[in-house]
Amino acid sequence: MQASSTHPDFPDLRRVGIHPDFWYPVARSSSLKRGRALAVTFAGDPIVVVRGESGSLFALADRCAHRQLPLHLGVVRGEQLQCAYHGWCYAESGRLARVPYLADGGKMPAAARGVRNYPCREAYGLIFVFPGTPELAELSQLPAIPEWGTPDYRTMYFERTLKCHYTFMHENLMDMNHQFLHRSLMGSIQPVMLNHRTGTNWTEAQYRFEGGKQHVGADLLVMGGKSGESAVDRDYELMTIRTLYPHQELTVFRAHSEIPAIRLWASYVPLDQEQRTNKSFGILMVRRPKTPLILRAAWPVIGYFARSVFEQDRMAVEAEQRAWDEQGGDRNAEISPVLLELRKVLALCGVPIEPAHGREFAGAEEAPPVLRNASRGGAAR
Ligand code: FES
Ligand SMILES: [Fe+2]
C-alpha cells in the first residue's frame, strides 16, 4: 500500500478501505415502506433492501442472477422480490424461488441461481446491513446508543452524501482545533483539551468548553440539555469525542453531571468502490429540560444551527478530498497528537481498497493488446 508523504512508514489513510465486518447504516427506516425495495450501496457493492408486505426486512445483492438487472427496479410480492425484466422471484434468503415462464413443477435449470443475501437489521430508526463475511454477523454487535428511544431525549436525524473518504469525517469531528472554521456560528467559544486516550480499535479526546459568545442555536442546544441543573452549571461543558471503530460519537456533559446532555452518534458509509464518497448518518439526541416545551420551540433553530455547522464542515472535507485527488496522495502535515492517534486506529482497523472493476482498460498502457496496437497505428499495418 502506498505510504503517506508525511509519514513514510504509514499507509496513506485515503487508500485504506473501511472494514466490512461491521454493521453499517444504509438508510432511514422511514424511507422504506412495506412492499417496497430500496437501492443502497456499500463501497461499490449495489444492495437492495426490501420490506416485505408483512413488514419483514431483508437485503440482497442488487443484481439479478439472470441478466444482472438491478433488482430494486422489481416488484415486491409478499415476502419475495420479483425482477422487473423476466420476473425471476427471489426469497428473503436470496434463493431463486420461481421462474415464471418455467412450467410449474418443472426442474430449475442448473444455471438458474440465487443472489447473495446480506444480513440486515433495523435499530435506532435506521436500517443496518452487514456487508462482510455473513457468518460473522451474528457475532458482531450493533452499535450501542443507550439514550436512543428513551423519553429523556429528543432525537434529530441527519443523512448526507459527501464527496470525501470516510476518514476525513472521523478526523473532522475529532479535531476541535478547527473552531475557526465555525467562527460565524461558534463565536469566541474555545475548547481546551483535557486528555486523550487510545486503544487498538478506539480513540477518544476530552475537551472543556468555556463560556463565550456563540450562535443562538448553540445556546439553545446547550440549554436543551440542561435538564434542571442550577444556572451556575452553565459555565462550562465537557465534550468527549470517541471513535469506536468504525463509528463515532460526541457527548456533551454539563458540569458536575455524568448524564449526557447531548449525544451525537455518527457513521460514515463509503458509497463507491474507491471510497471517495460517503453517506453520513447522524443521530443527535438532546436531553429534555424540565420544561420540554422550551426544547420543542427551540428545535427548528437547533436544526438550523446543526445543519449550518455541517455545511461548513462539508466545505472543508470535500476540499481536502479534492486536494488528495489532484495531488495523487496525502500531503497533510497533521500535528495534533489526537488526530495522529486516530489516523493510526483507522489505518490499522481498515482493509486495502480493492481496485475498481474494469480499471485495466482505463488507460492506453493498460489497454488490451488489440486496442493498444490500434492506438499506435498497429491495426493499419
Ligand atoms: S434479468 Fe432479472 S429476470 Fe431476467
Ligand atoms: Fe466542524
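Predicted model: local features only at pLDDT ≥ 70, side-chain atom pairs only at ≥ 80, totals over all residues.
Local features need pLDDT of at least 70, side-chain atom pairs count only at pLDDT 80 or more, and totals for chains, interfaces and linings use all residues. Residues are numbered from 1 along each chain as its sequence is written, and side-chain values use heavy atoms, without hydrogens and water.

His182 lies in the loop between α1 (166–174) and α2 (183–186), and Asp313 in helix α4 (residues 292–327), 131 residues apart. Helices (H or I, at least four residues) and strands (E, at least two) are DSSP runs, numbered from the N terminus. Both residues are buried (under 20% relative accessible area, 1.4 Å probe, protein chains only): His182 has 3% and Asp313 has 12%.

The open sheet has 7 strands in the order β13-β19-β18-β17-β16-β15-β14, with antiparallel pairing; two strands pair if DSSP finds at least two bridges between them. Because β13 (153–162) and β14 (190–198) each have a single partner strand, one side of each is left without a neighbour in the sheet. Within the sheet, β15 (residues 202–210) and β16 (residues 236–244) pair over 9 bridges, and Ala205 stands opposite Ile241 in β16.

Terms used: Chains lettered and ligands numbered in written order. Buried < 20%, exposed > 50% of the residue type's maximum accessible area, 1.4 Å probe, protein only.
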